[in-house]
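Subject: Handing over a structure

Dear colleague,

I am passing on to you the structure below, together with some notes on what was found in it. Please look it over before you read on.

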Amino acid sequence: MNTIAIIGGGASGLMAALFAARGGAAVTVYEHNGSVGKKILASGNGRCNIINTTASAADYAGEDPSFVTYALKQLSFGYFEKLCLSLGLLLDVREDGRCYPLSNEAKSVLIALKSAVTGAGALILTESAVTAISKEESGFVVTSAAGRQRYDKVLIATGSEAAPQLGATADGHTLAKAFGHEVIPTYPSLVQFHLSSKHAPKMAGVKTVAEVTLVIDGKSDARITGDILFTSYGISGLAILDISQRGSYALSRKRRVSIALNLLPRFERHELAEAIEKLFAAVPAQNVQNALYGLLPAKLVTYLLEDARIALSTPVSALNPKQIKQLAHLIGDWRFDVTDTHGFKHAEVSGGGVSTAQVNPKTMESKMVEGLYFAGEVLDIVGRRGGFNFHFAWASGMIAGKEMAK
Ligand SMILES: Cc1cc2nc3c(=O)[nH]c(=O)nc-3n(C[C@H](O)[C@H](O)[C@H](O)COP(=O)(O)OP(=O)(O)OC[C@H]3O[C@@H](n4cnc5c(N)ncnc54)[C@H](O)[C@@H]3O)c2cc1C
């Protein structure tokens, strides 16, 4: 019987423990928190966006996103749904491919998974941080708060440093490096942006729908329409989180990042000046500030006009065509320099990690150290928002668990 140590009792580690124990291995899960699965509990605002029915390599980033293809094929949605049912977990499948537990509570996912893991015979050691793993002539020795213990195989499933308040660490990267593995520099993802704008903090609290264009070194890179929210530090909202991976990656590579906001995405660009002219023609006696209140959130109007260098009190009838064109241009392309992300503490996930070039995608085993495996976010794979990160964590954990039990 194979003896297996799984470092990390999160999504990928628990899934690996389930399959390894069911495969007949003697499994010990080391978890440094006082309980396993803290990110599962916090996920999806406590609802756990557990998987996405549409996942493909295109939903992931990393040096080689195609690394996920085999794993996603192994853990197809149909397979996962049956697995969940066997654990007593029913799913609520949304039209856009997102899935949640039918209970609408992340707690039910963790309860089902944890009881299946212990039911299969795996041992879970909490408050047991692993500080070192050494390769012996046969097998490995794992050093933790519980002492030193020998195992045939080891899985590093320690996740990433995103959300350290939930106990996240970069320990997996340190452990991997000790075996000579390359770690691609990490960066926060699904995260808010800090802006250099003096206006942004004054607009804090304004929420609207905008088309957000990410601009890297002066070139448009990606475009997403959705909610934005100005905050005291810069900008948040689902559109920002969704575009953050590429922006954060660029910042981490010291590139110049800005965002361009189109505040009225329902208009085509060429229609915008016409719409403004029509509005102004309807209220010729109004000043431009009051007139724009009919089009945009009031708090934005003040600072937009400041950037357009138009006095708030200017009667709309006094604006010349050039000024209206300039206003329309700014409404459709209001630029803000991004100075930083809001950091790992506020990020849902981390990009970068253990290079996938040195890991076999069909087994999750290291190509450099026999018997050493990796799964989940510790690897250089990061997904979009929408259940894709759990999808890869479950899939890679399942493969590693099955393989280690062989
Ligand atoms: C607030 C929040 C909401 C999220 N919502 C979603 C969502 O709805 N859908 C989605 O797909 N993804 C979501 N994610 C991302 C998702 O939680 C992660 O991608 C996923 O948990 C990664 O699984 P993992 O097993 O790789 O890492 P984790 O689940 O983080 O597990 C790693 C475990 O290793 C433990 N550990 C670390 N170092 C050590 C050590 N030295 N010794 C022992 N144990 C150690 C950690 O305590 C942790 O329990 C969310 C993340 C956050 C922070």
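Predicted model: local features only at pLDDT ≥ 70, side-chain atom pairs only at ≥ 80, totals over all residues.

Residues are numbered from 1 along each chain as its sequence is written.

The chain has twelve helices and 21 strands, where helices (H or I, at least four residues) and strands (E, at least two) are DSSP runs numbered from the N terminus. Its C-alpha atoms fill a box of roughly 85 × 40 × 35 Å along the principal axes. Of the 406 residues, 47% count as buried; a residue is buried if 20 or more other C-beta atoms, placed from the backbone, lie within 10 Å of its own, exposed if 12 or fewer, and partly exposed in between. Among contacts (C-beta atoms, placed from the backbone, within 7 Å) between residues at least 6 apart in sequence, 73% join residues at least 24 apart.

Helix α1 covers residues 11-22, and its twelve residues should span 16 Å at 1.5 Å a residue, which agrees with the 17 Å between its end C-alpha atoms; the expected span is 1.5 Å times one less than the number of residues. Because eleven of these twelve residues are buried, α1 is largely enclosed by the rest of the structure. What covers the buried residues includes β1 (3-7), β2 (26-30), α2 (38-46) and α12 (388-405). Just after α1, G24 takes a positive phi of about 100°.

Turning to the ligand, 39 residues lie around it, of which G8, G10, G44, G159 and G376 come nearest; a residue is near if its C-beta atom, placed from the backbone, lies within 6 Å. Helices α1, α2 and α12 each supply at least two residues of this shell, and α2 gives the most, with five.

Finally, three strands form an open antiparallel sheet in the order β3-β6-β5, two strands being paired if DSSP finds at least two bridges between them. Strands β3 (51-52) and β5 (91-93) stand at the edges with a single partner strand each, so one side of each is left without a neighbour in the sheet. Between β5 and β6 (residues 98-101) the antiparallel pairing runs over three bridges, and V93 stands opposite C99 in β6.

With best wishes

Terms used
Contact = placed C-beta atoms within 7 Å.
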